[in-house]
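Subject: A structure for you to look at

Hi there,

Here is the structure I promised to pass on to you. Please open it and have a look around before you read my notes.

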Amino acid sequence: MIFDSHTHLNAEQFNDDIPETIERAHELGVSEMAVVGFDTPTIEKSLALSRQYEGIYSIIGWHPTEAGSYTKAIETDLIQKLTQPKVVALGEIGLDYYWMEDPKDVQEKVFRRQIAIAKEMKLPFSVHNRDAMEDTYRILKDEDVRDIGGIMHSFNGDPEWAKRFLDLGMHISFSGVVSFKNAPEVQASAQIVPFDKMLVETDAPYLAPVPYRGKRNEPGYTRYVVEKIAELRELSWEEVARQTTKTAHQLFGITAHE
């Protein structure tokens, strides 16, 4: 019933309990998830998980903190893997000015190149944006991405930023941050984003929502993200789950019974 649109079940933190983690997710109503691979090992693991489990899909791309290692060979391999069954989007791609593993111009070049690939392959893409809101917006506006669609993953901006990205045709995805007491601007955004542009996620194993903040996050905890948005919008959690899952299916091209 709930679709976790961005999780890292392929991270080493889950090496010892993937089946149990998936079972716990199902018990909390999280029946589908997109596992995001962002470098060679995590891409391979994402694809393997999507092949092994019903209800698991892959999003694969080259993370901005890895931008300096992006080569033509990596691009060729990525393009081939993007054609595999159950790959529903390209990502996560974008800019990261917090870690600054590579210069801004290198990150931007790799970001733009992957947007071009997404356009060529008619795939939506997932955007990582850390401390780089202005430049992320500028690039997305320049690239005119409305026709393929993208996701502002783990959105952490205020309603004005949400509206600006929505105006570009982007979807907004909310993570456990929406449950944090010190994130009123994100909560305000969750109240105004239309459901046909809203997704929910965990970004597990990071950003665990209340009541698990500070602990290992896992896909099942998308339930608490959904419940918080339902509280903010004075709706049932089932309605928020239904609407956001419908939006995920539409964006990713997934039929309800696939």
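This is a predicted model: local features need pLDDT of at least 70, side-chain atom pairs count only at pLDDT 80 or more; totals for chains, interfaces and linings use all residues.

Residues are numbered from 1 along each chain as its sequence is written, and side-chain values use heavy atoms, with hydrogens and water left out.

The score pLDDT is the predictor's confidence in each residue, from 0 to 100. Its mean over the chain is 97, and 99% of the residues reach 70 or more. Helices (H or I, at least four residues) and strands (E, at least two) are DSSP runs, numbered from the N terminus.

Now the largest pocket. A pocket is an open set of points on a 1 Å grid over the protein atoms alone, where a 1.4 Å probe fits and protein lies on both sides within 12 Å along at least five of seven lines; lining residues have an atom within 4 Å of a point. Grid points are joined across faces, edges and corners, and the volume is the space filled by probe spheres set on the points. That volume is about 740 Å³. Of the 26 lining residues, Asp-96, His-128, Arg-130, Asp-203 and Leu-207 are the closest to the centre. Strands β4 (87-96) and β5 (125-130) are the elements that give two or more residues to this lining, and β5 gives the most, with three.

What about the backbone? Most residues other than glycine have a negative phi, and most peptide bonds are trans. Here, a cis peptide bond joins Gly-91 and Glu-92, with omega about 5 degrees, and Glu-92 sits in strand β4. Another cis bond joins Val-210 and Pro-211, with omega about 15 degrees; Pro-211 is in the loop between β8 and α8 (222-233). Lys-86, which is not a glycine, has a positive phi, near 75 degrees, and this residue lies in the loop between α3 (72-82) and β4.

Enjoy exploring!

Best wishes
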